[in-house]
Number of protein chains: 2
Amino acid sequence: MRRPTIADIARQAGVSKGAVSYALNGQPGVSEATRARILAIADEIGWRPNIAARALNGARAHAVGLALCRPARFLGVEPFFMELISGIEAELSARSYALLLQVVGDHEAEMGVYRRWWGEGRVDGAILVDLHLDDPRVPEIEEMGMPVVVIGHPSAAGSLLPVWADDGAAVRETVEYLAALGHRRIARVAGLPRLVHTVIRDRAFTDVCAGLGLDVCPTVHTDYTGEEGARATRRLLSSPDRPTAVVYDNDIMAVAGLSVAQEMRLDVPADLSIVAWDDSPLCQVVRPPLTVVARDIPAYGGHAAQRLLSLIDGADTRPLEDVPPRLTTRGSTAPPA
Amino acid sequence: MRRPTIADIARQAGVSKGAVSYALNGQPGVSEATRARILAIADEIGWRPNIAARALNGARAHAVGLALCRPARFLGVEPFFMELISGIEAELSARSYALLLQVVGDHEAEMGVYRRWWGEGRVDGAILVDLHLDDPRVPEIEEMGMPVVVIGHPSAAGSLLPVWADDGAAVRETVEYLAALGHRRIARVAGLPRLVHTVIRDRAFTDVCAGLGLDVCPTVHTDYTGEEGARATRRLLSSPDRPTAVVYDNDIMAVAGLSVAQEMRLDVPADLSIVAWDDSPLCQVVRPPLTVVARDIPAYGGHAAQRLLSLIDGADTRPLEDVPPRLTTRGSTAPPA
DNA sequence: TTTCGGCACTTATCCGGTTCAGCAGTAGCG
DNA sequence: CGCTACTGCTGAACCGGATAAGTGCCGAAA
């Protein structure tokens with residue numbers, strides 16, 4: 001049951017290893033007749049190139065890495081990562097690249113994983129997600145010299161190649177829509193305050209609220225879990241001048257917020273409008289279905305993968321701004337009572 | 001910026017490549033003084049073994065594969081896979097194994113991926129999920145000779161190593177609990193009918209209902225999506241002798257069912273009891289929080305990874321029956337009105 | 001004093017591909 | 001006819017590490 005090698009093919013075809021290599025790689029140097037014979041034999045005995053041997057010759061590892069740095073219980077919650085991964089993969093597998101995945105606990109462990117992968121020659125590059133403010137990973141990766149695409153805003157990506165979407169524009173669209181419905185008190189239940197995209201959304205939210213002359217526009221930060229989303233909602237809805245609309249930073253918190261509102265005998269959307277970030281089946285399954293800021297996450301991941309492969313090939317390395325998220329209105333938003 | 005090799009270390013230490021190799025691998029053949037000097041140099045210049053070179057010497061690839069064969073949009077929905085993956089990873093990374101992940105569209109593509117990974121020497125083994133009835137993948141993998149752990153029932157795993165949990169027992173526990181509450185008409189909204197675990201749950205459900213002498217116990221099959229869960233629920237609740245309890249095969253369908261019930265002005269749990277399969281933050285966030293059949297999915301994945309690594313090492317290859325899922329009661333179940 | 005054993009290394013080979021230099025054979029051309 | 005140019009192939013080196021087979025040297029036992 002030994003794996004066949006090009007030496008086996010060479011023996012059967014009665015030529016040298018070199019000739020077999022040329023034939024199998026579409027290189028000139030063998031006649032068409034010989035090439036056809038070699039290919040037929042290779043196919044017959046089920047030969048596959050051994051990537052280890054190829055990689056040894058300075059060739060690509062034909063794999064890229066993705067280390068996710070969130071506790072397992074948070075990862076399972078949001079469809080975001082799974083969708084992102086499938087988008088990345090669709091692109092990678094079309095080019096016969098493999099994805100190495102690892103879930104780690106903290107940034108230090110994450111960097112350890114990247115160092116190992118890169119040092120061992122396991123990957124040709126990686127995708128970095130969840131940028132922090134003053135993210136220590138950026139300078140460390142720059143020093144490593146590993147090709148990396150950052151899913152996040154260019155302002156925090158250093159010299160790494162960013163792929164990002166204009167979250168600010170989506171926040172503005174959402175708030176303007178709510179203001180047009182007549183809402184004057186809009187609250188935001190945001191994610192982790194140290195994440196760059198949270199900061200960007202925070203700033204856009206504050207700016208557009210001020211620009212529209214809205215009354216009070218509190219932002220509450222959470223860890224993205226339903227519990228904290230529920231707690232934040234409870235606090236907001238208990239305040240004297242409670243908001244008439246709440247914008248959430250993910251879907252699970254929005255659903256939790258919806259439950260809290262219904263528990264407090266508030267009608268959604270009559271008494272409270274709710275907007276979720278990132279669409280998911282979840283948002284369409286609850287009553288009323290949630291108005292969401294939707295983006296094509298698999299496409300987003302696919303673009304990142306494309307850019308990374310280009311970067312690895314030494315080609316086109318310009319930053320890519322993806323299409324901005326779009327507001328999709330459903331039953332959870334309406335003019336305030 | 002070339003990656004350092006043992007030749008670099010040998011040059012700096014003034015010894016041969018062989019000596020360096022012995023020193024770095026803890027083999028006898030070098031003095032402790034030399035070993036220490038070599039290790040210090042290796043550490044200083046940041047040397048890492050090139051896995052490609054190691055693999056070429058017949059060593060392990062130190063990676064295992066997982067190909068998921070479900071459309072991307074279904075994958076993101078259920079926390080199951082993400083939790084399973086993080087559990088697998090926790091075990092793998094502790095042993096410095098990497099996980100190769102690929103999302104594919106159908107079984108044929110999945111087998112292509114396994115063939116390529118195995119043929120190219122990229123992986124030492126793989127984990128197979130979502131067993132079908134008469135699954136064509138089982139005999140094909142048996143023929144390939146790749147070490148594989150199957151997450152699923154032994155009856156369908158052929159000669160591959162199964163890791164499974166007793167779903168039937170959990171179904172029995174659930175139905176008996178509902179019957180003890182006084183329910184006589186219990187329905188089941190199941191997943192894809194071709195999956196082995198669906199069949200096992202189906203049979204257990206029918207058997208225990210018959211054993212308890214319950215009135216009508218319909219099972220409706222779906223594709224696991226919220227839409228189909230909602231549709232099935234609507235149909236069940238519109239029937240003349242509608243069930244007083246529904247057991248769902250995942251969490252998203254249970255939540256969809258809850259919304260449908262509330263839309264139909266049925267009180268949960270007074271008019272309808274609901275049980276979900278697999279716990280998730282989602283189940284705790286909705287009102288009322290859902291009674292669930294819970295299992296420790298990360299642990300499950302971890303056990304599968306352990307078994308696979310044992311199998312690769314040629315050690316302990318007995319099937320593993322994991323702890324059965326346990327019923328966790330919350331607010332969505334009560335005696336029928 | 002010789003011999004043997006073992007330590008601490010070196011040298012050479014191998015893994016499975018890629019790639020380059022070289023070398024027949026032949027066709028083209030003056 | 002002789003020279004060049006090209007085709008189609010061979011042989012060997014090489015990638016980075018593992019490892020079997022030496023080799024030189026020292027100390028202890030006969």
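Author: Start with burial: a residue is buried under 20% relative accessible area, exposed over 50%, and partly exposed in between, with a 1.4 Å probe and protein chains only. A:Glu120 has 10% relative accessibility, so the residue counts as buried. On conventions, this is a predicted model, in which local features need pLDDT of at least 70 and side-chain atom pairs count only at pLDDT 80 or more, while totals for chains, interfaces and linings use all residues. Residues are numbered from 1 along each chain as its sequence is written, chains are lettered from A and ligands numbered from 1 in the order in which they are written, and side-chain values use heavy atoms, with hydrogens and water left out.

Reader: With which side chain does A:Glu120 meet in a salt bridge?

Author: A salt bridge is a side-chain nitrogen of Lys or Arg within 4 Å of a carboxyl oxygen of Asp or Glu. A:Glu120 pairs in this way with A:Arg116, at 3.8 Å from N to O. A:Arg116 is buried too, its relative accessible area being 13%.

Reader: Which parts does the pair A:Arg295 and A:Asp278 tie together?

Author: The side chains of A:Arg295 and A:Asp278 form a salt bridge of 2.7 Å, N to O. A:Arg295 lies in the loop between β10 (291-294) and α14 (297-312) of chain A, and A:Asp278 in the loop between β9 (273-277) and α13 (281-285) of chain A, so parts 17 residues apart in sequence are tied together. A:Asp278 has 8% relative accessibility and therefore counts as buried. Shared partners can also link salt bridges: A:Asp167, A:Arg188, A:Arg201, A:Asp202 and A:Asp249 are joined into one network.

Reader: What is in contact with A:Ala261, leaving aside its neighbours within four places in sequence?

Author: Contact means heavy atoms within 4.5 Å. With those neighbours left aside, A:Ala261 touches A:Leu237, A:Leu266, A:Val268 and A:Leu272. A:Ala261 sits in helix α12 (residues 251-263) of chain A, and at 0% relative accessibility A:Ala261 is buried.

Reader: How much area is buried between chain B and chain A?

Author: Buried area is the accessible area (1.4 Å probe) that two parts lose on being put together, summed over both. Here the value is about 4800 Å², with 63% from carbon and sulfur atoms. In contact terms, 52 residues of chain B meet 53 residues of chain A. Two salt bridges are counted between the chains; A:Glu263 forms a salt bridge with B:Arg287, with the closest N and O atoms 3.0 Å apart.

Reader: Which residues lie nearest the centre of the largest cavity?

Author: On a 1 Å grid over the protein atoms alone, a cavity is a set of points where a 1.4 Å probe fits but cannot get out; lining residues have an atom within 4 Å of a point. The largest cavity has 17 lining residues, and A:Ile51, A:Arg122, B:Ile51, B:Ala61 and B:Arg122 lie nearest its centre.

Notes. On a 1 Å grid over the protein atoms alone, a cavity is a set of points where a 1.4 Å probe fits but cannot get out, and a pocket is an open set with protein on both sides within 12 Å along at least five of seven lines; lining residues have an atom within 4 Å of a point. Helices (H or I, at least four residues) and strands (E, at least two) are DSSP runs, numbered from the N terminus.
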